[in-house]
Amino acid sequence: MSETWVVVVVVGVVTIVFKAAGPVLLGSRQLSGRTLRVVELLAPVMLTALVVTQTVGGDGGIAVDARVAGVGAAGIALWRGVPIVPAMAIAAVVTAALRALA
C-alpha cells in the first residue's frame, strides 16, 4: 500500500472516530445552553475560515485576485436576500468574468 493510501485510510478512520465520539460520549444527555450555542457556531465559523483561506491564501502570502471579487459579489447577494445557490453562481460568474478579462 502506498504512502498516499495509508494517509487516506488514517484520515478516514480518524474522521469516523470523531463523528462517532459525540453520540457515543454524550448519549442521550442534553447539552447546556452555552455549550449548545458554541456547537451551533462551529459550522459557520469553519466554513468562513475555509472560504477566507481558499480565497486569499496564496503561496506563502496573501493573494488578491478575481476570487476576492467573486466572494464579495456573493456576500452582497446574500446580504440582499438572494438564496445561497444563486449567490454561489453569482460568485462563480463574477470570478470567471474577471479571469477572462485578465
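Guide: A residue is called buried when its relative accessible area is under 20%, exposed when that area is over 50%, and partly exposed in between. The model here is predicted. By that cut-off, 9% of the 102 residues of the protein chain count as buried.

Visitor: What elements does the protein chain have, and in what order do they run?

Guide: Four helices and zero strands. From the N terminus on, the order is α-α-α-α.

Visitor: What is the accessible surface of the protein chain, and what share belongs to carbon and sulfur atoms?

Guide: About 8300 Å² in total. Carbon and sulfur atoms hold 73% of that surface.

Visitor: Which share of the contacts joins residues at least 24 apart?

Guide: Start from contacts between residues at least 6 apart in sequence. Of these, 30% join residues at least 24 apart.

Visitor: Why is Thr 95 called buried?

Guide: The cut-off is under 20%. Thr 95 has a relative accessible area of 13%, so Thr 95 is buried. Thr 95 sits in helix H4, residues 84–101. Beyond its neighbours within four places in sequence, Thr 95 is in contact with Ala 66, Arg 67 and Gly 70.

Visitor: What makes Ala 66 buried?

Guide: Its relative accessible area is 11%, and the limit is under 20%, so Ala 66 is buried. Ala 66 belongs to helix H3, residues 66–79. Not counting residues up to four places away in sequence, Ala 66 touches Thr 95, Leu 98 and Arg 99. Gly 12 is 54 residues from Ala 66 along the chain, and their C-alpha atoms are 33 Å apart.

Visitor: Is Leu 98 buried, exposed or partly exposed, and how do you know?

Guide: Partly exposed. Leu 98 has 36% relative accessibility, which falls between 20% and 50%. Leu 98 is found in helix H4. Its contacts, leaving aside neighbours within four places in sequence, are Ala 66 and Ala 69. Ala 69 is 29 residues from Leu 98 along the chain, with 8.3 Å between the C-alpha atoms.

Visitor: Why does Thr 55 count as buried?

Guide: Its relative accessible area is 9%, and the rule asks for under 20%, so Thr 55 is buried. Thr 55 has its place in helix H2, residues 33–56. Outside four places in sequence, Thr 55 touches Ala 63, Asp 65, Arg 67, Val 68 and Val 71.

Visitor: What makes Asp 65 and Arg 67 a salt bridge?

Guide: Side chains of opposite charge can pair when their charged atoms come close. The rule asks for a side-chain nitrogen of Lys or Arg within 4 Å of a carboxyl oxygen of Asp or Glu. In the Asp 65 and Arg 67 pair, the closest N and O atoms are 3.1 Å apart, so the pair meets the rule. The count comes to one salt bridge.

Visitor: How exposed are Asp 65 and Arg 67?

Guide: Asp 65 has 34% relative accessibility and counts as partly exposed. Arg 67 has 23%, and also counts as partly exposed.

Visitor: How many positive and negative side chains are there, and how far apart do the centres of the two sets lie?

Guide: The protein chain has 7 positive and 4 negative side chains. The centres of the two sets lie 15 Å apart.

Notes
Residues numbered from 1 in each chain as written. Predicted model: local features only at pLDDT ≥ 70, side-chain atom pairs only at ≥ 80, totals over all residues. Heavy atoms only, no water. Helix = DSSP H or I, 4+ residues; strand = E, 2+ residues; numbered from the N terminus. Buried < 20%, exposed > 50% of the residue type's maximum accessible area, 1.4 Å probe, protein only. Contact = heavy atoms within 4.5 Å. Areas by Shrake-Rupley, 256 points an atom, 1.4 Å probe, with all protein chains shown as cover. Lys, Arg positive; Asp, Glu negative; His and termini not counted. Charge placed at Lys NZ, Arg CZ, Asp CG, Glu CD.
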